[in-house]
Amino acid sequence: MPSQSALYAIADIRAVEQTCLATLSEGTLMQRAGKAAAECALGLLPNASSRVLAVAGPGNNGGDVIEAARLLAEHGLDVTLWLCADRSSLPADAARMLENARSSPLNIVETPSALPDNMEGWNLVIDGLFGIGLTRPLKGLYGTLAEWINALSCPVLALDVPSGLDADTGAIVGEDGIAIRASHTITFIADKPGLHTLHGRDYAGHVHVASLDIDTNLFPPACAHLNSVSAFSAFLKKRPHNSHKGSFGDVIVAGGAPGMAGAPILAARAAAKCGAGRVYAAFIGDPPAYDSAQPELMCRAAPSMDFSTGAVVAGPGMGTSREAHDVLAAILHASSPLVLDADALNLIAAEPGLQARLAELTAPTVMTPHPLEAARLLQSSTADVQSDRLHSARALAQRFHAVVILKGSGSVIARPDGEAAINTTGNPALATAGTGDVLAGICGALLAQGFPAWQAALAATWLHGHAADTLVQQGIGPIGLTASELIPAVRTLLNQLTEAHAGNHIPH
Ligand SMILES: NC(=O)C1=CN([C@@H]2O[C@H](COP(=O)(O)OP(=O)(O)OC[C@H]3O[C@@H](n4cnc5c(N)ncnc54)[C@H](O)[C@@H]3O)[C@@H](O)[C@H]2O)[C@@H](O)CC1
Ligand SMILES: [K+]
């Protein structure tokens, strides 16, 4: 089995599946999938007399659920199978599973013409309508069934992919399409990107991978990975006693047009609490004398700053004025480790001269667009960006020669060589003003402490999301979590991770 964090595109899964089908006896893979699904279902059921509704579609995803339903019925559960397809046109393996099921205690209802009025009484629904063979939106009976299932209060286990969801992108198929909202998904052969980004997290729920005992050697390289601590932990360093404020780098946050002074302050506070030795907040508008809540920050006028002395976070509340443009041009000429956020991205999107300079930079550079900023940079629409987030993040990384964090549910981190990761932490509490400034500040602090751009982006995204998850568990959110509250939680996590993962060697 490939590593737990590896993600595979549908085309790669198909290739692996075809090779396996050629060497295994007929129905073997489907039997393995059905068995894994039945075991997963058992773990979700309250007792031995639970009532299960299994829905089967016209393809092999239907075959998987027929086999799972048979096994559960033979286990003694009260299982009803709705076969939402014409029996005579099922693919061979699925037809075989149906034949096997006929002699089991499974209650089979073929092509149900109407849905039952009674929505209560099911302990679990298993979704085997469509898997990776989905080619068009759910319509007619399938659409109605998805709506009906989504209104139930019991757990829903999706087999391979929640029906209606694109396993590559996490998009719901069709303009007004619908997908089954699962509480759990058991996905076969290997994990898939669409279960973790865009609508993926909302529709797939908890994802479990069943590898079906396929030989690891049959897998091509993964198309992306899930972000995890192990991807950046090598750069978590214990601090030597003999260190001083110069040992951990400077961060200069540049932004703060008139009326927008809070944004750079948030980023600067985050940078200070994530371990930068010294932090400057540089303002396009008049700088405040100091930050009374965090007087360690040094507040300056941006046009007079030297941006070559530390890692720079450009953009929070920067505005797009002529002054902002000139400050950004000076930043790009300083060639420092760089985080580009918010209006810095908008300025770059609007000006080819800045784009050309950015593409020339060799210092570590991280860009942190949300989908609208990404659309401006790619000269496309937000809908286009979101329709394939992995592709969009990679396109940005290649075009601007930078590591890109495309924010949103399941943030995508991509680098110019095409390597990409999907973040697994975070929750809707982060959908509030200022959280992006905090992310940029964390990233800047890690760059200042010597993280390469890729690991800084992975670590910042993971920490930012995990801090929000921790706060929500404590009841601080999702409603009303503020960006300021994230900052001390990120600091705690960063210290805990460093304590747990850092080696004893002295960094220098
Ligand atoms: N072939 C095998 O032996 C295995 C298949 N597996 C399962 O098979 C699935 C893939 O099977 P298939 O390729 O048959 O694909 P699906 O079962 O996802 O469905 C494909 C069928 O549905 C039709 N279809 C697609 N979208 C539709 C829509 N919106 N409305 C109505 N009909 C639609 C297609 O024309 C095709 O007949 C995987 O997701 C996985 O669950 C796994 O069991 C592993 C082994
Ligand atoms: K499914």
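I began at Ala 374, which is buried because 28 other C-beta atoms lie within 10 Å. For burial I used these cut-offs: buried means 20 or more other C-beta atoms within 10 Å of the residue's own, exposed means 12 or fewer, and partly exposed is in between, with C-beta atoms placed from the backbone.

Before going on, I noted that this is a predicted model, where local features need pLDDT of at least 70, side-chain atom pairs count only at pLDDT 80 or more, and totals for chains, interfaces and linings use all residues. Residues are numbered from 1 along each chain as its sequence is written, while chains are lettered from A and ligands numbered from 1 in the order in which they are written.

I then placed Ala 374 in helix H11, residues 371-378. Helices here are DSSP runs (H or I, at least four residues), as are strands (E, at least two), numbered from the N terminus. Leaving aside neighbours within four places in sequence, I found Ala 374 in contact with Pro 369, Val 385, Ser 392, Leu 396 and Leu 406; contact means C-beta atoms, placed from the backbone, within 7 Å. I also checked Gly 410, 36 residues away along the chain: its C-alpha atom is 15 Å from that of Ala 374.

Next I looked at ligand 1. I found 27 residues around it, the closest being Gly 59, Asn 60, Asn 61, Gly 131 and Gly 133; the test is a C-beta atom, placed from the backbone, within 6 Å. Helices H1 (10-23), H2 (28-42) and H3 (60-74) each give at least two residues to this shell, and H3 has the largest share, with 4 residues.

I stayed with H2 for a moment. Its 15 residues reach 21 Å from first C-alpha to last, close to the expected 21 Å, which is 1.5 Å times one less than the number of residues. Among its buried residues I listed Leu 29, Met 30, Gln 31 and Arg 32.

Finally I turned to the domains: domain 1 covers 6-226 and domain 2 covers 242-501, with bounds from an automatic or database domain assignment. Their centres, taken over C-alpha atoms, are 40 Å apart. I found 13 residues of domain 1 in contact with 12 of domain 2. On the domain 1 side, helix H6 (200-204) and strand S9 (224-226) each supply at least two residues, and S9 gives the largest share, 3 residues.

Technical notes: Contact = placed C-beta atoms within 7 Å.
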